[in-house]
Amino acid sequence: SEKFAAVAEKVLEDPDVTDALATRITTEVFTALELEARLAELLPSQLDPLTGTIVNAAQAAIDNQLSQLLAREETRQLIGEVVERAHGRVVDVIRGDALPDVINVNDDQVTLNMLPVYGRAITAIQDQFGILSGIELPELEPGGDPSEQISDLEEAFDRDLPDDFGQITIYEGEAVAKAGDTVQLARDAVTTANRFLWVLLGVTVLLYAAVIIIAKNKKRALLWLGVASAVTLLLSRVIISSILERIPQAVAGTGARATVDTAIRELVSGLRFSTGFLIVVSLGVAGVSWWLLRKERREAAATEPVAVEA
């Protein structure tokens with residue numbers, strides 16, 4: 001979960017991501033809190049013909065301000081905390097624990113509670129633009145119940161808010177309606193992956209052990225095993241990279257595509273480092289074995305008796 005949170009914070013370093021998220025927050029806050037009407041009330045009657053233009057300019061300014069807010073380190077850390085809690089509890093769900101408050105499963109959607117971030121955005125609007133001044137926001141903690149937080153906001157603003165206010169859909173599909181099947185499938189996938197990993201490690205160790213113990217020409221066997229391992233890992237790395245590069249291309253929207261691309265690169269960075277390290281080790285084994293074989297041949301050639309003609 002900490003690794004996943006670090007990825008979320010890394011994703012927010014991309015301006016495409018912060019711009020897209022800022023636009024989403026601005027649009028939702030403007031609509032839910034009727035900021036257009038509030039702005040119109042603040043303007044003198046003489047500016048009525050220019051209300052639309054002024055409101056659009058104000059919305060663009062707020063959007064830009066929120067982009068800067070989301071780019072700050074403290075905001076990235078807050079989002080990282082929200083994501084870390086959510087990820088940790090999703091893992092609990094996969095392991096069979098109860099559904100957490102921060103992850104909501106309603107009908108065919110799974111949503112992530114982003115109200116703590118929305119609270120920062122509303123505070124920025126109050127401080128920078130004077131809109132919604134005089135309204136005291138409730139505490140919106142990352143681990144809070146979203147339904148209770150929405151209720152507190154409704155009381156603070158004295159108006160009804162959408163049930164999904166500040167909730168970002170992270171999964172949508174028919175599978176969520178069959179939560180039991182989905183959770184079971186996830187459990188099976190995790191179990192299978194763990195078993196495969198241990199089997200792979202075990203087979204690798206056994207192969208090297210077998211070469212050292214059984215092979216008559218250990219150096220030659222290690223040479224071929226090292227080459228084969230390096231080639232296999234290199235091909236796997238190329239194939240995986242090719243597949244991962246295609247995933248963001250299937251995502252619509254600049255912000256979403258940038259998010260997926262950065263997340264994938266960060267999440268597989270450990271895998272790429274590990275495979276790269278193992279490729280170097282395998283090539284090292286092959287190189288040392290080849291050098292030892294060459295040395296043996298040279299020594300054997302030097303000790304062979306030279307035939308002398310009569």
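The model is predicted, so local features need pLDDT of at least 70 and side-chain atom pairs count only at pLDDT 80 or more, while totals for chains, interfaces and linings use all residues. Residues are numbered from 1 along each chain as its sequence is written, and side-chain values use heavy atoms, with hydrogens and water left out.

**Exercise 1. Find the salt bridges and work out which parts they tie together.**

Step 1. Side chains of opposite charge can pair when their charged atoms come close. The rule gives three salt bridges here.

Step 2. Take Glu-296 and Lys-219, whose closest N and O atoms are 2.9 Å apart. Glu-296 sits in helix H11 and Lys-219 in helix H9, so this pair ties together parts 77 residues apart in sequence. Helices are DSSP runs of H or I with at least four residues, strands are runs of E with at least two, and both are numbered from the N terminus. Glu-296 is partly exposed because its relative accessibility is 37%; Lys-219, at 27%, is partly exposed too.

Step 3. Go on to Glu-34 and Arg-159, where the closest N and O atoms are 3.4 Å apart. Glu-34 is in the loop between helix H2 (15-32) and helix H3 (35-42), and Arg-159 is in the loop between helix H7 (146-157) and strand S3 (167-172), so the pair links parts 125 residues apart in sequence. Glu-34 comes out as partly exposed at 42%, and Arg-159 as partly exposed at 22%.

Step 4. Finish with Lys-10 and Glu-13, which meet at 3.4 Å, N to O. Lys-10 is partly exposed at 35%, and Glu-13 is partly exposed at 46%.

**Exercise 2. Say whether Asn-113 is buried or exposed, then list its side-chain partners.**

Step 1. Locate Asn-113: strand S2, residues 109-113.

Step 2. Check the accessibility. Asn-113 is at 0%, so it counts as buried.

Step 3. Look for polar contacts, meaning a pair of N or O atoms within 3.5 Å; within protein, one must be able to donate a hydrogen and the other to accept it, and residues adjacent in sequence count only if both atoms are side-chain atoms. The side chain of Gln-167 makes one with the Asn-113 side chain, at 3.0 Å. A polar atom of the Asn-113 side chain also lies 3.2 Å from the backbone nitrogen of Leu-115.

**Exercise 3. Describe where Val-227 sits and which surface patch it belongs to.**

Step 1. With a relative accessible area of 32%, Val-227 is partly exposed.

Step 2. Apply the patch rule: members have over 30% relative accessible area and no salt bridge, with like charges joined within 9 Å and nonpolar side chains (Val, Leu, Ile, Met, Phe, Trp, Tyr) within 5 Å.

Terms used. Buried means under 20% relative accessible area, exposed over 50%, partly exposed in between (1.4 Å probe, protein chains only). Accessible areas come from the Shrake-Rupley method with a 1.4 Å probe; for residues, only the protein chains shown count as cover. A salt bridge is a side-chain nitrogen of Lys or Arg within 4 Å of a carboxyl oxygen of Asp or Glu.
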